[in-house]
Amino acid sequence: MSKGSRAMDVSSASFIPRRVAGAAEARAVLASEGAAIVTGLCDERSAVAFGREVMGDKAVRIGTQFEATKAHGEKEAAQVAMQPVDSRGRKRSMAPTEERMVAHNDGFAFGDYAPDHLFLWCERPAARGGDSFLIDTSRLLDLLAVDPEWAAVADFCRGIDIDHSEPNYPQGMHAPIARTAPSGRFQGRYHPYLAPVEGPSEAEHWTFVRRWEEAVVAARDTGPMFRVDAGEMICIDNYRVLHGRDGHSDPLRKVCSIWGWSTDAVAVPDGPLDIVVPKLPKLPKLPMSA
Ligand SMILES: [Fe+2]
């Protein structure tokens with residue numbers, strides 16, 4: 001734990017999403033609670049179609065980004081492991097399937113182009129382990145803000161620009177950890193490579209970035225986890241809610257990560273994004289929705 005900080009109870013920032021009946025209810029619960037679970041989706045095509053329906057009139061783009069399987073994860077991890085350390089000494093790496101995941105927003109490498117919706121469709125759960133967790137960053141920041149020893153961390157997250165890039169893949173812009181998108185959507189971000197902007201305040205800012213990390217890890221490890229069965233899909237506000245899963249070693253587990261962009265997104269790519277080589281799309285930002 002960092003100097004001067006003490007443990008606080010942030011377990012209530014983690015939550016088990018409600019099971020809902022249809023796309024309209026999923027949309028409403030997504031807006032109010034940040035995530036919902038639906039069931040009865042028998043194939044990937046139905047899952048993608050359902051995701052589009054959840055976004056409704058605001059849907060711009062949706063597609064399966066990748067299949068999360070042990071074999072696919074190992075292949076990507078091997079490619080990423082070959083990539084060099086960056087000028088700040090940071091190195092990309094993907095953890096083994098057997099480890100509990102670091103909480104994250106999907107598409108974090110792409111900054112403004114990250115999807116605002118995420119749909120995790122489970123084709124086959126792990127025989128053992130692999131339970132999911134979700135962290136509401138809005139709730140987590142509210143908890144930090146009312147604690148005298150953590151309020152400065154919440155202020156930092158809400159007010160100070162940092163670098164959200166992955167090592168060697170600069171985004172060319174800085175933004176606070178938490179912000180309100182032009183569409184009015186709340187966005188709170190975490191991933192393993194967050195770093196302060198280089199400069200005179202860098203050392204001081206590192207202490208805040210590390211404490212945000214500490215809070216996210218505490219929420220993950222003290223909050224509830226839940227099992228998702230075959231045919232179920234977690235619908236997630238990928239701007240507001242971090243996700244991940246516990247470790248497992250089942251080669252047959254298969255989850256599809258489906259990325260959705262609505263008119264609420266800050267920017268929308270016009271093609272698939274490559275998470276192994278996360279170059280930013282060379283595109284102008286789309287105009288903001290009103
Ligand atoms: Fe993810």
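**Exercise 1.** State which residues line the largest cavity, and give its volume.

*Solution.* The lining of the largest cavity consists of Asn 105, Asp 106, Gly 107, Phe 108, Gly 111, Ala 114, Pro 115, Gln 187, Arg 189, Asn 238 and Tyr 239. On a 1 Å grid over the protein atoms alone, a cavity is a set of points where a 1.4 Å probe fits but cannot get out, and lining residues have an atom within 4 Å of a point. Next, the volume of the largest cavity is about 40 Å³, a volume being the space filled by probe spheres set on points joined across faces, edges and corners. Sorted by class, this lining holds four nonpolar, five polar and two charged residues. Here Ala, Val, Leu, Ile, Met, Phe, Trp, Tyr, Cys and Pro count as nonpolar, Asp, Glu, Lys and Arg as charged, and the others, Gly among them, as polar. Three cavities of 30 Å³ or more are counted by this rule.

The model is predicted: local features need pLDDT of at least 70, side-chain atom pairs count only at pLDDT 80 or more, and totals for chains, interfaces and linings use all residues. Residues are numbered from 1 along each chain as its sequence is written, and side-chain values use heavy atoms, with hydrogens and water left out.

**Exercise 2.** Identify the protein donors of the iron ion and describe their spacing in sequence.

*Solution.* Donors are N, O and S atoms within 2.8 Å of the metal (3.2 Å for Na, K and Ca); water is not among the atoms, so sites may look incomplete. The iron ion has as protein donors His 104 (NE2), Asp 106 (OD) and His 243 (NE2), at 2.0 to 2.1 Å. Along the sequence, the donor residues follow the pattern H-x1-D-x136-H. His 104 and Asp 106 are both buried, where buried means under 20% relative accessible area, exposed over 50%, and partly exposed in between (1.4 Å probe, protein chains only).

**Exercise 3.** Describe the strand that contains His 243.

*Solution.* Strand β12 spans residues 241–245, and five of its five residues are buried. Strands (E, at least two residues) and helices (H or I, at least four) are DSSP runs numbered from the N terminus. Val 241, His 243 and Arg 245 point one way from β12, while Leu 242 and Gly 244 point the other way. Strand β5 (residues 132–136) pairs with β12 in the antiparallel sense over five bridges; pairing requires that DSSP finds at least two bridges between two strands. Within β12, Leu 242 is the bridge partner of Ile 135.

**Exercise 4.** Characterise the second largest pocket by its volume and its lining.

*Solution.* A pocket is an open set of grid points with protein on both sides within 12 Å along at least five of seven lines. The second largest pocket holds about 250 Å³ of space. Of its 14 lining residues, Arg 27, Ala 31, His 117, Arg 185 and Asp 264 lie nearest its centre. Two or more lining residues come from each of α1 (23–33) and α2 (44–55), and α1 gives the largest share, three residues. By class, the lining has five nonpolar, two polar and seven charged residues.

**Exercise 5.** Is Ala 203 buried or exposed?

*Solution.* Ala 203 belongs to helix α6 (residues 202–222). Its relative accessible area is 60%, so Ala 203 is exposed.
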